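Q: I'm new to this structure and would like a close look at one part: the place where the chains meet. Could you walk me through it in plain words?

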Amino acid sequence: MVVGLFPNLTRHRQLHFNSWVVASLFLSLLFIGPIFAIFFAALGDSGGLWNHLFQTVLPRYVTNTILLMFGVAIFSLVFGVSSAWIVFRYSFIGRPLMQWLLLLPAAVPAYLIAYTYTDFLEYAGPVQKMLRLYFGWQSVQEYWFPEIRSMGGAMMIMGSVLYPYVYVMARAAFFLTPASLYEVGMLSQRNLFWTVGLPLARPAIAAGLALALMETISDFGTVEYFAIETLTLGIFNVWLGMNNLTAAAQISAFAFLFIIALLVLEKKARARRRFTDTTSKAVSLQPKVVSGVRAFVCFLACSIPIIIGLLIPIIVLLGFVFQGYSLGLNKAVLDAAINSLTLAISIALLVVASAVFLGFVARFQGNKALEKVSALASIGYAFPGTILAIGVVTAGGAIDSGIYKFFYNNFGITYDGWLTSGVLLIVLACVIRFQAIGFGAVTSGLERLSPNLMDANLVLGRGFAHGIRRVIFPLASLSLIAGGMLVFVDVMKELPMTLLLRPFNYETLPTYVYQFAKDELLEEAAFPALIIIATGVLPILFMNSVLNKITWGRSKA
Amino acid sequence: MTRIIIDNLSHKFGSTPVLQDISFFVDEGEVVCLLGPSGCGKTTLLRIAAGLERLQQGKIIIGKTVVAEASSGINLPPENRGVGLMFQDYSLFPHLNVRDNICFGVGAGSPDRQAWVDNALSLMDVKFHAESFPHTLSGGQQQRVALLRALAPKPRILLLDEPFSGLDVTRRASVRKETLSILKDTGVSTLMVTHDPEEAMFMADRILVMREGRMIQDGTPTEIYAHPASPAVLNFFGTINTLSSNVADGQVATPLGNFETTDLCNGDAVELFIRPEGIQLEEDGLNSFKTVEEEDIGKSTKQSFEVVSAQLLGNVSLVVIAIPNRNKEPLMIEARMPGNFLPDKGGRVTVKIDPNQVFMFKASKDN
């Protein structure tokens, strides 16, 4: 009898509105609400600013955003796909090292790399100094040097830290394609990359690219520093600079078009990925052993993105530290570090907890519709931090005034309002933005488990709670830890939402570094910048080993 | 005592009916097989019985308890039904070792069951694997662990979903034998789902044949084989030779001879089925090229026909012969002969038909 290995249990189930389901719907609403709040905020009167913006700057914002996305796409595709193919196809000295080193640039936030490159490549920076020394140039008129603080510079810089999204997806797709397909290509003497590898990996690559582009739209630090007026920067300027939340919300509503386009791209790519994601015990292709010049070329090709995205920024920052800047662990850095850690840990825990709740209830108590609602609750990942910040401020304000009215009218108690600004708002915004990571971890953890496991638990006389505790949780825990770590990393480097929502004098490591970089004093913040990178590197390494286990563990078993 | 009664159960997925008016029971110590092709609703029936799928219509009684009844809304959750279920994919807990898997449904407070587990482990060779994890076991061992896990809490009824489908053909026969002896030793009442008639014949005290969500026959293996209720039941047992004819004078005339009928009326259109194993061939010693005259056909059951192909399949030989059929294309008839029986292609054989392997049904449109 041919049956799907994991039949879809929830397919025909009717939804019973028990307390689990109601709580799950409520939580989903809390996560989706702020996104809709943006539209409510946009309905307000911006005092004619919108018309003005529409006629003046908006076309520029849109053009810049599209240009930047296009450039970042090219850089991350070239870096990500070529390196993924090389580590998949060829066995050369240093290949195991490259496999995970290639992931690490993801730990470097784009704004940090922008700050370091500006210092590195500017007139007084080490590169130009060396060139002048070598060629004997005396002044800036005697030679031409590319300006890093430009559109092109932003494309390269962002591509060099965002390509790991593409790399991870492409590599997994290459490895998961059964060797037999490549062997057919070999027997017919076709180019394996163009005829087998790339066509089959294309949906996976597109999904990775969509994620990289979402990060591109979201980026605030780089575009602000480089003064590239994208939609995100526009929102920020209009809100903080012109103090007009409504107009900022209106631009955000406009940016929805881009977000929806990317979401559709990603969803389509993911749906198509099912055809290449083979769950069978297919063997992946053995790499070709290369040596000499060819091995060197492989090594070099893999090194380039690592050098650009990781090595140079670290060297520059370490250079500052060794020159004696930013040495002392002063109180401000310590406070910022503690704030960052507290935020990152608590948000990671909250995200995993809410994702576990939503995921488990949808899977075991809900039906297809509830699964969709729960998945929708993690849509925040597609929204730039600046936009989400507008959403949570609007929603938080509404909730606060509601609570205020309720307490004041019923008990005469005045409530100060916790959700209008402050750390709680940052937490809410981050939980919404990074919910997708947790939810993805939960669903991927559950997808790998036969749904019969829970049924087996029930039939053996154990209840639902016992099954969750003793069967599902232990088996999904690795995925959950991995998801929690990714959230942790993302919060550790999160800048725009914290910047917009933080209370006065509340600093995290990124805002601390941001302040100094803004004043062209990056060297003073080199140490906290290095901490940000370091905290990102370790969980990524852990993640990689977990992903390897998840991707290949099954076929080995 | 009856262990499970399914009463008038019907079930739909959306608007598609998957089970219709199913009623049956399993007696104490009985092994009952649900036999039917893929997608006929067998597994759904098991899942409803176990409480994993919500009952929509009908009633289920396990032991003396009504565990689910649509009219009264009773629906005991699976953990309170006292059923054992062995999944088709075994669904062993990958993070628990063999012993913990088997003991999963056994409370620490039931020392007799713990002792039963120890005993079961010591009787089987899985004893050596008590501390190992499921993925290190062979398919047959995993099957055994899954069976013991389902049996350990002493269920009132054991449900088996295609228990042998995950095994190599070579291992299947021996595992089947072991499983049957475990079931008979423990005396557990068993409801098993399978699509393999041989498996059902071997395991079952009683077979319930299902097709497209309905039960089409309920009987002992012998009854099912010797007195199939419909062509659909016959078809489960593999390819079968089909001939169409009419009843005349209580006789059904076919190119292979005339067959008597008692329960069909004169003039009825008839579908006549002959099992390949019911046709005995003998090589025509003269190997003559004497053609069968049309008027001879149907007068004798011992005539000579042309051999179209002959293949040895192991313990049987499959021989196809051509039967002249008036002015139409000749009929191709399959015969299975024990052992090595390979007449030359184009040679001639004589045919003898075992009337016990001939079945006649009134022709209808949908069988």
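**Where chain A meets chain B**

A: Let's start with charges: between chain A and chain B the count is 1 salt bridge. Bear in mind that this is a predicted model. The partners in that salt bridge are the side chains of B:Arg47 and A:Asp455, with 3.1 Å from N to O.

Now look at which pieces of chain A are involved.

Together the two chains bury about 2,300 Å², and 66% of that is on carbon and sulfur atoms. There are polar links too: 6 residue pairs are in polar contact across the interface of chain A and chain B, counting pairs with both residues at pLDDT 80 or more.

While we're at it, chain B has a meeting place of its own. Its domain assignment gives domain 1 (2-236) and domain 2 (272-359). The C-alpha centres of these two domains of chain B lie 42 Å apart. Even so, the domains do touch: 5 residues of domain 1 of chain B are in contact with 5 residues of domain 2 of chain B.

How much do they cover up? Domain 1 and domain 2 of chain B bury about 490 Å² between them, with 61% of it on carbon and sulfur atoms. On the domain 1 side, three residues stand out: B:Tyr225, B:Pro231 and B:Leu234 supply 82% of the area that domain 1 buries against domain 2, more than any other three residues.

As for charges, the interface of domain 1 and domain 2 of chain B has 0 salt bridges. Polar contacts do turn up, with 3 residue pairs across this domain interface, again with both residues at pLDDT 80 or more. The elements giving two or more residues to the domain 1 side are α7 (221-226) and α8 (231-236) of chain B. By class, that side of domain 1 of chain B comes out as 5 nonpolar, no polar and no charged residues.

Definitions and conventions. Residues numbered from 1 in each chain as written. Chains lettered and ligands numbered in written order. Predicted model: local features only at pLDDT ≥ 70, side-chain atom pairs only at ≥ 80, totals over all residues. Heavy atoms only, no water. Buried area = accessible area lost by both parts, 1.4 Å probe. Salt bridge = Lys/Arg side-chain N within 4 Å of Asp/Glu carboxyl O. Polar contact = N/O pair within 3.5 Å; in protein donor to acceptor, adjacent residues only side chain to side chain. Domains from an automatic or database assignment. Contact = heavy atoms within 4.5 Å. Helix = DSSP H or I, 4+ residues; strand = E, 2+ residues; numbered from the N terminus. Nonpolar A, V, L, I, M, F, W, Y, C, P; charged D, E, K, R; others polar.
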